[in-house]
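Me: I would like to go through this structure and check the terms against their definitions. Please give the cut-offs as we go.

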Amino acid sequence: MTTASSRIETYQNLIGNKWISSSDGSTFVDEDPSRRGSTLALFPSSTVQDIAKAIDVADAAFKSWKRSALEERQRHATRFLDLLERETEALASIVARENGKTLREARAEVVSALVEGRHHVAQVSRFYGQSLPAGTQGCSGWEQFHPLGVVAIISPWNFPMNVMCRKALPALLTGNTIVFKPATFTPWSGVTMAKLFESAGFPEGVFNCVAGLGSSIGNALVDDPRVKAISFTGSTYVGKKIHERAAKNLTRTQLELGGKNALIIMPDADLKAAVDAAIIAGFACAGQWCTSTSRVLVHRDVYREVCDRLAARCEEMRVGDPMDEKTDMGPVAGTEQFTTISKAIETGLAEGARMLTGGPGKGDLERGYFIRPTVFDNVTPDHTIFREEIFGPVLAVTEFNSLDHALELANNSIYGLSSAIFTRDVDAAHRYIDRIEAGLAHINIHTGFKLPALPFGGWKDSGSGLPENSTTGLEFFIQRKAVYWKANS
Ligand code: NAD
């Protein structure tokens, strides 16, 4: 597997198990976020004709793939996962180079894709096992699960391998065919995954990958009536647009969207564990996690101590080359991310929040898109940094005076993806579980933690449709048929 080369490589789309350029031959640049203006490789800037061609072959392939034995699908999926495991280091280095997350984080992403993938392969047999016959007065009945057809997978750049695997494996295991559009910032990870699917032996047309700009090819993918479902992870803004367009064809959607996740620190909390959690979930992947901690809500009795500890921990963090094993935090993913996060920091300052530490990287760090771990305190609900998703290494710290007040602050958001509370008080933990408006609730664990056996999805503007993982991740890709059978006498 190629991970680096002095010559600039041009990659292609995978359509019908053939590698081909975009129909008009145009390409776009994948930039290394550690070096402004650099070119890692070139990728096809695909056209609506390329999308149509990919849907054609996926639609044709569906006719036989839907009849394939479950064991065959599991065999291909297992081969894919074996390749993923074998290539972990090379894959992690691609993610680290084009996304900017550290090698350690990139390795964790590949391992997470692997763990989730093995879970899906194992649980799909049990999932079908739920369609049991049920007899009544000479009539027996059961339900059958059928695949949908061609499904579109549109993924973001922040977990360019894990998120697509979490969607693609359940779709394939349930007998659907795929047109996959990787994110524009991370086409290398996307095309590399496509290569692994091809190498795993999936039949021609079952898995197709078309790179390009969402604004140029997204509508063609979403509007085609042959696309029966869209599994999308990305911003709430784009997710709502997709949902609106998809409704015209009654195309089902699974939308995993933005967040503004709150971590609550009660006065009885283990403060070291709570601060560790805020640092991990606030700054891993440079804060570009949908389940990142973005708001830290701290009881007034421990507020000053927590702020001081957070600032001190941030100042110890090594920001720099993601390929260096000693680096704690790499650059943000690219120029747009750098500009948006820098603007959010400026707005925080202009609106009167206090920056304890952080800000855009200075000196040597100006060579790339580096933002230092940033902590604001004195943040109130009217501040933009309290309300809007920043999707970068910025923590907004707000003081509260009771659990009710903390829950009111935590729920004061259009988003509802993840959340956490640190406390030793069982009653407080129960009240938090009951009242928090979020798809994920953690007690004494950071906001980014998840397991493949439990559903992963957001409430409110953080998501719509069936959550990923668990059985709902498979359920999204099937339609049910109720069968009734009366025996002839
Ligand atoms: P984005 O919405 O800009 O892009 C996501 C994908 O949609 C990309 O592949 C993009 O090319 C494509 N796209 C853009 N316009 C399109 C259109 N009109 N039609 C079809 N596709 C289109 O998001 P992003 O910047 O890649 O990712 C960051 C966002 O994703 C953040 O808001 C983050 O919270 C969210 N996210 C959510 C989860 C989750 O599970 N809830 C996970 C990761 C990221």
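Me: What is the strand order of the open sheet of seven strands?

Reply: The order is β15-β16-β17-β14-β13-β19-β20, and the pairing is mixed. The model is predicted: local features need pLDDT of at least 70, side-chain atom pairs count only at pLDDT 80 or more, and totals for chains, interfaces and linings use all residues. Residues are numbered from 1 along each chain as its sequence is written, and side-chain values use heavy atoms, with hydrogens and water left out.

Me: What makes β15 and β20 edge strands?

Reply: Two strands pair if DSSP finds at least two bridges between them. β15 (354-360) and β20 (442-443) each pair on one side only, so they are the edge strands. For β20, two bridges join it to β19 (residues 419-422), and the two run parallel. In this pair A420 stands opposite H442.

Me: What counts as a helix or a strand here?

Reply: Both are DSSP runs numbered from the N terminus: helices are H or I with at least four residues, strands are E with at least two. The protein has 15 helices and 23 strands.

Me: Why is the protein called as compact as a globular protein of its length?

Reply: The radius of gyration, taken over C-alpha atoms, is set against the globule rule, 2.2 Å times the number of residues to the power 0.38. The radius of gyration is 23 Å and the rule gives 23 Å for 489 residues, so the protein is as compact as a globular protein of that length.

Me: Why is W19 called partly exposed?

Reply: Buried means under 20% relative accessible area, exposed over 50%, and partly exposed in between (1.4 Å probe, protein chains only). W19 has 24%, so it is partly exposed. Of the 489 residues, 58% count as buried.

Me: Which residues are in contact with W19, leaving aside its neighbours within four places in sequence?

Reply: Contact means heavy atoms within 4.5 Å. W19, in strand β3 (residues 18-20), is in contact with Q12, N13, L14, V191, A194, K195 and E198.
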